Amino acid sequence: MNMKKWKIWLIAVTTAFLCCLQIPISARIARSIAPQTNTQLIAAQNQQSAGQYRQACESLLSVLGFTNFNCQTLIDNQLSPAEKATIEKLPHTEIAASGLRTLGDVLRLTGALKNSEIMLNRSLIIAQNLRNDRTLSAVYLSLGNTQRARGKRQEDIRKNGENNYLKALNFYERAIALSAPTEQLQAKLNKLSLLVETQPDSDIGNLWPEIKSKVDNLPVTTESIYARIDFAESLTCLKVQTMGRSHIEKILLPLPPAVQHCAVAAKTQTAANPELIYVAKLLASAAKDARQLGNLRAESYAKGSLGELYEITGQLSDAKQLTGEALGIAQSIQAADIAYRWQWQLGRLTVKSKGEKTRAIAAYQASVQTLQSLRKDLIAVNPDVQFSFRDNAEPVYREFVDLLLTTDGKSQPNQNNLQQAIQEIDALQLAEIENFLRCSLSATVAIDRIADNRAALIYPIILEDRIAVILQVYGQPLTYYETSVPRQTVETTLQKLRSNLAEPGKNPQAIAESEKVYKWLIEPLEAELAQNTQIETLVFVLDGSLRNIPMAVLHDRKTQKYLVQNKYAIAISPRLTLFAPQPLQKRLKVFTGGIGEAQNIDGKNFQIIQKLKEELEGIATKVPASKPLLETNFTKANIQNQLQIGSFSAVHLKTHGEFSSDPDETYIVAYKQLLKGEDIANLIEVETPQQSINIELLVLSACQTASGDNRAVLGLAGIAVRAGARSTLSTLWEAEDTPNTELMLKFYEELAKPGTTRAKALHLAQQSLFERYQAVKTWGTYILVGNWL
């Protein structure tokens, strides 16, 4: 997690912060608009500032006269050609420019970045035609914020957001150039924070001293209080960037968020750098003025931020007092979005001051509970906030788990702490799937409650200084192992391994890296697994970047064998699954379809799949299957129709596709169309007038997960859950056509045999493939997610 993710999240959820960022410019522009329309527009802006995004959207549609538009459709990033034409026909008036700009802001805050940009670009055209510098400046500021959000979204799916950040910077500079000197502050604050967060080696020059001269002379208003808080955060980050490594290493663990975000060896100390004493005065004055104005939210945020500053400087007693005060205020106004942060801060401070471990655990537990409550609210309100929330919440969970698993000496954590550690990691995984689906899942079953004494559940957890592994065998106490290894070493090893696995000719390099992972995850468990001779399946509940690695490829240096060569079948499962795993109740009936011809869709090139017909027709020789729906017939409407009338228990699709943690980047290829995440789920979800039919098995042949996206597998699991599929067989990187067809036919051949589980069928198919193709790239890409029985 880094500073940009925290600040974008904070801007979106902190309602008073939104007041500071957006209302002043909007209000100034609104004065020039007709009184009735002005009142409607200000009301919409107030709803936006209060976090009431859907209500603000509805109000703005009324202001703009968009009677046939639907806010939910806009928030879902959909816009019809007719709606685009309506937008383009708007008259060039101040109300149209301001209304579209505010609607663009609302859509950005709800995650609809594409539609946000459409609204803002149209607002820009109108503002340029009006030649009103104030209106233009406001639009450029909003465009900068949307480009910033786009850059953050790119980084969330492990892509480069630099181009978006450069565009944002350019828009902020245009906003500054067109503003009167008295109205430049917000654009300059946004420019400063963007430079500090995304270009730590850049020359800030005179920017922060210019802002300082304005901030120091602001009148006491809500806006000026938040301007000081925003400025203080940027200056703190700037100061941390100039600290030497030896200075940072003196800060006790766990590190405060500002240090985690900003500790980069990029800047050198100069006389022009800000001093922390000035930052402390900024926050203290903000807290004092907020109290004077009766703004409890601002007072809480200022005091808590000052507490974090004292945490950085080692003044732990003062930090605890301020944090306690900030938390009390936040709880008194039910501000969960900042209360969790101060609960987390109290937990860190208790650990650092050598306080009772039970108190530290209680503080972290309270923070996590607040987060979980807040997350449920955010799912219903703001999907984009929820998307960022995951990254900002993750350190709380991981530090809490670290605390639960830390003991004195060589003693093992007790059973209660082990169980709770698993539950906290579970909560993260559940949040990630719900983030992907943008809905709440209630009917979940913990897989450790599944009575399968032939399966061992393995929970690897990546912590800052070690990998922890918890082993659970049904009916037995939890067992704990840990290997000391820095998190960065783990991440680097996993990145190298994934890269080498997917590249031809990199077998030796892949083996070298996979042996390290085997030593961390499997070697500590070997003795206990050997004692439990009944174990047939290893079910991995994977964490972080481990999800990018198929466990079958782990290599034992002692025996010179891959895990796939062992006796164990392998499956991956989120610990919380929508459907309790259960054996196949009857013979499969498989729907088959796909497209193999070369296509170019939305600028993406898809190559020929030669073995399409051979694979799909071959499946029918192994298990009952439909007549394949091929090539030009492989359309959304045809697939849906066939699934509704066919009473199928399995779906096998052979087509190109990619799965990501971002639903907008998740798709499978149909004829002349990309079917996106929600489309896929809706397509496969089978309902009849009498009942909803659960798909036992979803097979995605020729698909892959997004490279480098360690949440892509959870995205894949999310699609399966949303579609009602109990398990999914897919690939982490693109499979080779001929071997892929061989594996699929062998899989169905084995699955047709009585008593063979899904995991066992895949295990035998992979072993068969391994005998003919030694390259791990060929046989190693397959994963079974979900029900292993």
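Colleague: Does Leu-90 count as buried, partly exposed or exposed, at 11% relative accessibility?

Modeller: This is a predicted model in which local features need pLDDT of at least 70 and side-chain atom pairs count only at pLDDT 80 or more, while totals for chains, interfaces and linings use all residues. Residues are numbered from 1 along each chain as its sequence is written, and side-chain values use heavy atoms, with hydrogens and water left out. Buried means under 20% relative accessible area, exposed over 50%, and partly exposed in between, with a 1.4 Å probe and protein chains only. Because Leu-90 has 11% relative accessibility, this residue counts as buried.

Colleague: What distance separates the C-alpha atoms of Leu-90 and Phe-66?

Modeller: Leu-90 sits in the loop between α6 (81–88) and α7 (94–109), helices being DSSP runs of H or I with at least four residues, and strands runs of E with at least two, numbered from the N terminus. Along the chain Leu-90 and Phe-66 are 24 residues apart, and their C-alpha atoms are separated by 9.8 Å.

Colleague: How does Lys-676 count at 32% relative accessibility?

Modeller: Lys-676 is placed in strand β16 (residues 673–676). Since its relative accessibility is 32%, Lys-676 counts as partly exposed.

Colleague: How many residues of α29 are buried?

Modeller: Among the buried residues of α29 are Leu-714, Ile-719 and Val-721, and just after this helix Gly-724 takes a positive phi of about 80°. The helix is mostly covered, its buried residues numbering 11 of 12.
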